[in-house]
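Here is a short briefing on a protein model. Look it over before reading the notes below.

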Amino acid sequence: MRLKNHKSDFIDQSEALSFIFNNKSYKGYKGDTLASALIANDVLFFARSFKYGRKRGLMGSGVEEPNALVSLEIGGRYTPNLKATEVMLYDGLSAVSSSNPNSIDFRALIKPLHRFMPAGFYYKTFIKQKVWAMVEDSLRSLAGFSKAPTEKDEDVYDHVFHHTEVLVVGGGVAGITAALEVLNNSKTTRVILVDERAHLGGELFNEFQSDDTAISWHHDNLSKLLEFKNVANSRLKIFSRSTAYAWYDHNYIEVLQTNATGESLISGGTQAARKVLHKIRAKEVILATGAHERPMLFETNDLANIMLSQSVRRYLNEFGVISGKDVVLYGNNDSIYSTAIDINNNEINCKVIDIRPSGGESETVLKAKKLGIEVLQGYAVLKAHGTNLVKGIEVSSVEMQGKKWRLTGPSKRLNCDLLASSGGFNPVVHLDCHCGAKTFFDEDSQAFLPQKVRKNRQVCGSISAIGFWKDVVIDAKNKAQLTLLSLGEIKKSTQDSMSENYLDYYNASQFFVPIEILNRPKVFIDMQNDVTTLDVALAIREGYRSIEHIKRYTAMGFGTDQGKTGNINGIAVAAQFLDVPLSEVGTTTFRPAYTGVDFGAMAGREVGGFFDPQRYTTIHDSHLESGAEFEVVGQWYRPWYYPKSGEDIHQAVNRECLAVRTSLGMMDASTLGKIDVQGKDAREFLSRVYTNAWMKLAPGSCRYGLMCNEKGMIIDDGVSTCINDNHFIMTTTTGVLQAFTLL
Amino acid sequence: MFLIDCPYCKESRDQNEFSPAGEAFIARPQNPEELSDDEWSDYVFYRTNHKGDHWEQWVHTNGCRKYFLVKRSTISHEILEVAAFGEVTSENPS
Ligand SMILES: [Zn+2]
């Protein structure tokens, strides 16, 4: 539902937009994402899951979303597998779920069989029994992704190349601060700032309700950025709705910018590019990529309306929407209290279940209690109740014994219609790791943090597990100073200190949950691939130890979301079953691309006639008149054969051969490579590059020769002609010509 | 996706303009006819496949078309040095 009295900086309630989702019409507002507009319309089901066909709802609010995959539009503007959380609403939008939650589903019908379908099920049942080929097609068609497009893409895409001194990835508090610090302390340094969201500010908007200084900070710093941007020959470029998805060697970074979602871009004879691929070379990179929240684990944690706490908070604060009236916040850190306070301020009923015991509470916790929010401390959620949609939860008291959680009390039931959880935050280290950087596990923040030092790169903000936004400002300034130092713009860097315990702003407990919970069925780790804790346990029982192997055996993190919400939890689950510390398990490898990239954007303008140059001979028209079929050799269009009506290739070639034998043939060899060899050692040279003898070839004669390299491989052949003892004309084949001239 | 400084053009250019041409300082034997198959195959096929800083040859294919030497870390792909032929040798690499 949409909150009546909510004021949002992003939602323009004066402009209503109509759209269609799964064949039903709805209304939203300018500024909505498809996801927020559907929450406003009380739509809760977005997909069916990949393996079991379970109905799923939204979990996240951005790039991390694993469930809500949709395909947009039809025909030439059809785009598959977009996240509803990233699709900006426009008037007339039409989308369908990649796997429709409202249709009757074969996978859901065989529900009683699900417990017989653990990890490795398809392999053991079909591949080992050698019947895979028979069932592969029908099984693949059941997989929960959109159909591939069948029509030509009517959109155009652009490539733009940039060279810059500094690239800042991420436009939250850290990114904004770092960009400004660089610009303020140098007269010449160029800066590019890219951010995946529509508005610069990142998670800061969540502070607006409770912290006026956040509002004024955002206003002031954004105006300063715009002052730098809105001048002639600006040193600053800002790209919003732009995701840096790959970092290649020598600080070469690719960024995909979405200009428009799915609306038609053809008007008045011109066509704007839907997406732009920015290819950026940066001397220095500042990563301010933030963090993704990870969910808490419990039985049937995949029911609709079980979401991430920070996402519920974002929907509430940025879009003024929420999908429940009786909310439970569950987690192991203080951030759930901030969400609870915001929900409570909007006069929506909520309570907090905190796995941490009472005592030593922070200001945030005390504030929530003071507001009268019901808080259960030292409790864990065992299970969510409800069919498809969460209706209640089962909780039990827990205690930390040694380094392990144990259930201590009998369980009890609580009602709720929305459960938002937070198991801590995973720094977005993906981009940093693309070129081989490592992560390390930090006990204070319970997170895998980026490698401390790397050449020509700084990290700042919550990618380094810094939670409090005012600490982030200090950190970003410090890191920008180091960047300026590395560029030689300043002689000495200024480093200010952050508040004490800045790495444990959220007072997170370790993010393991009691192993009794992990041993329950249907505790989903990876929503998109239906991987459960028991699948990980099975993989370990079957002998897999390396997290890379466990990942492949269970398919954890293989979906289009690449395990953004699930992977780190999966690693923690494996660590618990293996009974080793998290740091010993390590992470899986992060590879490009961070998010899906359209093939159209990769191709850019190099499609159709611009794909490859076409080279025609001077008598091309004559070949056309004779009805030639062409073959492409190198880039040359050479006549292949000249079929007369009714002839196939063999008949035409036979007729041609006979004509040559009985009368005359003519061949245009102008596409061949021609190399003029002159000098007193010309003969010797030919003898060395060809395998056959050239010492006795008389002037005026020609000879066929084979060329080998020193490995003994034939690299080309051709005919060479002797003009005189010191002058030969060598020909190379058309296809090899290009390679030869490029040597 | 390297950025390579051509020692002749004196410019940093994208890898697209260049082609790799194998390990550097491999001298062609003076007397190929006298070599055994093992010795010849050692020259044409066998390379050190070094992990770490590595001297190799590149050619500025879509530029000046000259061959030159590059010292590159095969771990980080960082290019540490470029040189024209003769500026560094197998006896005197930097
Ligand atoms: Zn050059």
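The notes below take the chains in turn, then a helix, a residue in it, and some strand pairing.

This is a predicted model, in which local features need pLDDT of at least 70, side-chain atom pairs count only at pLDDT 80 or more, and totals for chains, interfaces and linings use all residues. Residues are numbered from 1 along each chain as its sequence is written, chains are lettered from A and ligands numbered from 1 in the order in which they are written, and side-chain values use heavy atoms, with hydrogens and water left out.

**Chain A overall**

- Chain A holds 21 helices and 37 strands. Helices (H or I, at least four residues) and strands (E, at least two) are DSSP runs, numbered from the N terminus.
- The C-alpha trace of chain A spans about 105 × 70 × 55 Å along its principal axes.
- Chain A has 743 residues, and 52% of them count as buried. Buried means under 20% relative accessible area, exposed over 50%, and partly exposed in between (1.4 Å probe, protein chains only).
- Take the contacts in chain A between residues at least 6 apart in sequence: 63% join residues at least 24 apart. A contact means heavy atoms within 4.5 Å.
- Accessible areas come from the Shrake-Rupley method with a 1.4 Å probe; for residues, only the protein chains shown count as cover.
- Chain A carries 82 positive and 84 negative side chains, and the centres of the two sets are 3 Å apart. Lys and Arg count as positive and Asp and Glu as negative, while His and the chain ends are not counted. Each charge is placed at NZ of Lys, CZ of Arg, CG of Asp or CD of Glu.

**Chain B overall**

- Chain B has one helix and six strands. Their order from the N terminus is β-β-β-α-β-β-β.
- The C-alpha atoms of chain B fill a box of roughly 45 × 30 × 25 Å along the principal axes.
- Of its 94 residues, 33% count as buried in chain B.
- Among chain B contacts with a separation of 6 or more, 48% come from residues 24 or more positions apart.
- Chain B exposes about 6,000 Å², and 46% of that comes from carbon and sulfur atoms.
- The 9 positive and 17 negative charges of chain B have mean positions 7 Å apart.

**Helix 15 of chain A**

- Helix 15 of chain A covers residues 567-578. At 1.5 Å a residue its 12 residues should span 16 Å, and the end C-alpha atoms are 16 Å apart, which agrees. The expected span is 1.5 Å times one less than the number of residues.
- This helix is mostly covered, with 10 of its 12 residues buried. Among them are A:Ile568, A:Ile571 and A:Val573.

**A:Asn569**

- A:Asn569 sits in helix 15 of chain A. Its relative accessible area is 5%, so A:Asn569 is buried.
- Beyond neighbours within four places in sequence, A:Asn569 contacts A:Arg294, A:Pro295, A:Leu297, A:Phe511 and A:Ile525.
- A:Gly331 is 238 residues from A:Asn569 in sequence, and the two are 14 Å apart, C-alpha to C-alpha.

**Strand pairing in chain A**

- Strand 8 (residues 156-169) and strand 15 (residues 273-287) of chain A pair in the parallel sense over 13 bridges. Strands pair if DSSP finds at least two bridges between them.
- A:Val166 stands opposite A:Glu284 in strand 15 of chain A.
- Strand 8 of chain A also runs parallel to strand 9 (residues 191-194) of chain A, joined by four bridges. A:Leu167 has A:Ile192 in strand 9 of chain A as its bridge partner.
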